[in-house]
Amino acid sequence: MLIIGIAGGTGCGKTTVVNQIIEQLPENEVVVISQDSYYNDLAHLTKEERSKVNFDHPNSIDFELLISHLHQLREGNSIAIPVYSFVEETRLAETVSTSPKKVIIVEGILVLSNPELRKLFDIKIYVHADSDERLIRRLQRDIKERGHDLEKVLYRYQTAVKPMHNEFIEPSKEFADIIIPNNHYNNVAVDMVRTIIIEKLV
C-alpha cells in the first residue's frame with residue numbers, strides 16, 4: 001500500500017492535481033480521502049456558533065480519527081469515513097464505507113502540518129498557487145457550492161484563511177517531497193508523480 005499526502009492552500013488546485021494523478025491509474029486500486037471529511041463534529045453547537053469556528057486551524061480537524069483510519073486501512077480493514085456538510089457546518093449522520101486499496105491519497109490544506117500524519121505518508125506533495133488565484137477560486141466555490149454570501153467569505157478569508165495559511169499551511173511546504181506549481185496545469189510534475197506511483201506499485 002502506498003499512502004500519499006497532498007497539501008496546499010485553499011483554492012490552490014489540489015483536487016485538479018489529484019484527478020490528474022489518478023486518471024491513468026487503475027480505478028479499483030486508488031481511493032481518495034479528503035481532510036474535509038474529518039472536520040470535528042459540531043452538532044452540539046448552534047448554527048450561529050458554528051459560523052464562528054476557525055475551520056482553517058489544525059484544531060478544527062479530527063486528526064486522531066484520520067490517523068486511526070489510515071492505520072486500519074494499512075492493516076487491511078475497511079473504515080467508515082464521516083460525511084461533512086459545508087452548508088450545515090457539521091458532520092451528518094451517515095458515513096461512507098471505504099476499503100483498503102493499493103494507493104491511498106489523502107488531500108487537504110493541513111495534511112502536512114500534523115507530524116503524526118506525515119509519518120504515514122510515503123510521498124508528500126505540496127501544490128502551490130498564487131494567493132490572488134486562490135482567493136478567486138475560494139470566492140467562487142464558497143458562494144456557488146456552499147451557499148455563503150460574499151461578505152461572509154471575505155470576512156473569513158481576512159480573519160482566518162489568510163492568517164492560518166501563513167502560520168500553518170505555507171510552512172508545511174518544507175516537509176514536501178515534491179512541490180507542484182499549479183497556476184496552470186503542470187503536466188510534467190504530475191507525470192513524474194504518476195511514474196513514481198507506478199514504479200512503487202510494481
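Modeller: What follows is a close look at helix H1 and its packing against helix H7. The model is predicted, so local features need pLDDT of at least 70 and side-chain atom pairs count only at pLDDT 80 or more, while totals for chains, interfaces and linings use all residues. Residues are numbered from 1 along each chain as its sequence is written, and side-chain values use heavy atoms, with hydrogens and water left out.

H1 covers residues 14-22 and H7 covers residues 187-201. Helices here are DSSP runs of H or I with at least four residues, strands are runs of E with at least two, and both are numbered from the N terminus.

Two packed helices are described by the angle between their axes and the distance between the axes. For H1 and H7 the angle is about 50° and the axes are 9 Å apart. Each axis is a line fitted to C-alpha atoms, for helices over the stretch in contact, and angles run from 0 to 180 degrees between N-to-C directions. H1 and H7 are therefore oblique to each other. Under 35 degrees counts as roughly parallel, over 145 as roughly antiparallel, 65 to 115 as roughly perpendicular, and the rest as oblique. The crossing of H1 and H7 is right-handed, that is, the near helix is turned clockwise from the far one by less than a right angle.

Which residues meet? From H1 they are Val-17, Gln-20 and Ile-21; from H7 they are Asn-187, Val-190, Val-193, Arg-194 and Ile-197. Contact means heavy atoms within 4.5 Å. Five of these contact residues are nonpolar, two are polar and one is charged. In this scheme Ala, Val, Leu, Ile, Met, Phe, Trp, Tyr, Cys and Pro are nonpolar, Asp, Glu, Lys and Arg are charged, and the others, Gly among them, are polar.

Now the buried residues of H1: these are Lys-14, Val-17, Val-18, Gln-20 and Ile-21. Buried means under 20% relative accessible area, with a 1.4 Å probe and protein chains only. They cover an arc of only 165° around the axis, which puts them on the same side of H1. The arc is that of the directions from the helix axis to the C-beta atoms. An α-helix has 3.6 residues a turn, so residues three or four places apart point the same way.

The cover over the buried residues of H1 includes H7 and the strands S1 (2-7), S2 (30-34), S5 (103-107), S6 (123-128) and S7 (178-181).

Notes:
Buried < 20%, exposed > 50% of the residue type's maximum accessible area, 1.4 Å probe, protein only.
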